[in-house]
Amino acid sequence: MTIDPAEAGQTTEGAAVVLASLENWLNYSDLTEPARRRRQWAKLLDQPLPLDSAGFDSAIAEFAENVIPNGLPVGAPGFNGFITTGPTTSAALAQFAAAIASPQRYGVSAFNLLEEVSLRWLAELCGLPAGVQGVYSTGGSTANVLALGAARQAAFAARGIDVGRDGLPGDVRAVLYASSESHHSIQRAAAVLGLGRGGVRAVPVDNAQRLDVAALEQLLLADLAAGVLPVAIVANAGTTNTGAVDPINAIADIALRHGVWLHIDGAFGLPAACVPELAPLFAGSERAQSWVVDPHKWLATGVGCGATYVRDAQFLHDTFTQTPAFYLAAGGARADGSAAGHEPAGWAFKDFGVHYDDLSMELSAPPRGVLVWIVLREIGRLGLQLRIRQHVGFARRLTDIARRHPRLEPLIDPELSIAALRYRPTGHPTEAEVDELNRAILTRVWQQTDIYPTSTIVNGAFAIRPAYINPRTTVEHVDGLVHAIIRLGDELTTGAPLQS
Ligand SMILES: *Cc1c(COP(=O)(O)O)cnc(C)c1O
């Protein structure tokens, strides 16, 4: 008999209580409720460390009553702010089940196999070349560090330096190139990798927010002339801000010409390569050396799932290997193909599986491939095409309506599923006044509707920005946003009484 005080059984009984609360949550009946009631639940939850046991039943009851109903409604149909979204049902169930049936990604198990299978599926879906090595991590930010770590290894290896083993030499300045619209995780990756945030050359973009290829080559040539070491060029396969896809083929030409590593940041957009009519946008991405794609975005696996791919696993391995760790040297193929230690008599440790721990920063990690697998198993390639087409259609629909309306103005022509627009009052307001008005409109959209876009700045102008990534969003939420913006803009400019 165990003396541990935590209940390790009663899964069915506990799940029933949790599920009842979740069913209610999934109505998304009032998005603003948790924030409005904060005073109430924060007081209940923000308690000192308990000395005594509340017991399983009480803890679960309190969780169902005070925590779940006050969550963050990222999965709500009108939530079009973040570019991550809530999981659909199969993925949520897989996440729950994985915690019980396979808490680690290693060792011979169906979950472990699905890491590999799903990485292969995802690569194929995104149009990556056959034979690339993938590894999951927590999301695009980490996935970018991994890919750019491999790029750094390769750049220095070409100068005979093993950075993973010996560290950065003091006399070499090494830099990355990324458009000014790139995700800020690129700067952070540069900081983590010892290049410094200042080691990212911000390449200007054109009016469509796409990297300016001529400017890229100028910066690169100037650096080469000055003895600076180019580590990688980052091309966006869908920027987070507006969904712009950089001219990847032209960038790949430059990378090839100068022998520089090409990295595709497709955290958001790369799955759209599986849609035949969108695939040409991504042409050339198969020429890269590394890629990032986030299943927790368009695949809606639930947050905590990003993928890195590299053409050559050796550079990734040389950067992130944790060899030697004797407690792990128990078998299985190391990613570099080297011998994997002695083989003990036991069952599981004999077959460790792929050493993802040597290709990323995590040793202990949950299986994530199962989330990707279950989504793709459920809806297939065609299902994902349908979702992406629908979302891109939403962004275009909103843009078309805005273009035709006398007091609306689209600020981008969507390439993917992000739109950006603003209310444009009649008369001759200054740009600052238009910005101010749209800020006020957006605040009221949040307060008065169940639609949650965010804002951005496009070519200096404040824009209301919905990102359509959420499988629960319907066309009513798209039209609802347009109508709300018009109504609120009209109210605010005619001085009619405001609702708040
Ligand atoms: C979302 C995003 C990231 C960061 O991914 P996280 O999963 O949020 O860490 C990086 N790059 C791009 C282009 C993104 O859209």
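Buried means under 20% relative accessible area, exposed over 50% and partly exposed in between, with a 1.4 Å probe and protein chains only. The model is predicted: local features need pLDDT of at least 70, side-chain atom pairs count only at pLDDT 80 or more, and totals for chains, interfaces and linings use all residues. Residues are numbered from 1 along each chain as its sequence is written, and side-chain values use heavy atoms, without hydrogens and water.

**View 1. Cys126 and Cys305 are buried cysteines.** Cys126 has a relative accessibility of 1%, and Cys305 has a relative accessible area of 0%. A disulfide is a pair of cysteine sulfur atoms within 2.5 Å, and a search of the whole structure finds zero of them. For Cys126, the closest cysteine sulfur belongs to Cys274, 7.5 Å away and too far for a bond. For Cys305, the closest is that of Cys126, at 12 Å, which is also too far for a bond.

**View 2. Helix H13 bends at Gly380.** Helices are DSSP runs of H or I with at least four residues, numbered from the N terminus. H13 covers residues 369-404 and spans only 44 Å between its end C-alpha atoms, whereas a straight helix of 36 residues would span 52 Å. That expected span is 1.5 Å times one less than the number of residues. The bend at Gly380 is about 85 degrees, taken as the angle between axes fitted to the seven residues ending there and the seven starting there.

**View 3. Helices H14 and H15 cross.** The axes of H14 (residues 431-448) and H15 (residues 475-494) come within 9 Å and cross at roughly 125 degrees. H14 is therefore oblique to H15, since angles under 35 degrees count as roughly parallel, over 145 as roughly antiparallel, 65 to 115 as roughly perpendicular and the rest as oblique. Axes are lines fitted to C-alpha atoms, for helices over the stretch in contact, and angles run from 0 to 180 degrees between N-to-C directions.

Definitions and conventions. Helix = DSSP H or I, 4+ residues; strand = E, 2+ residues; numbered from the N terminus.
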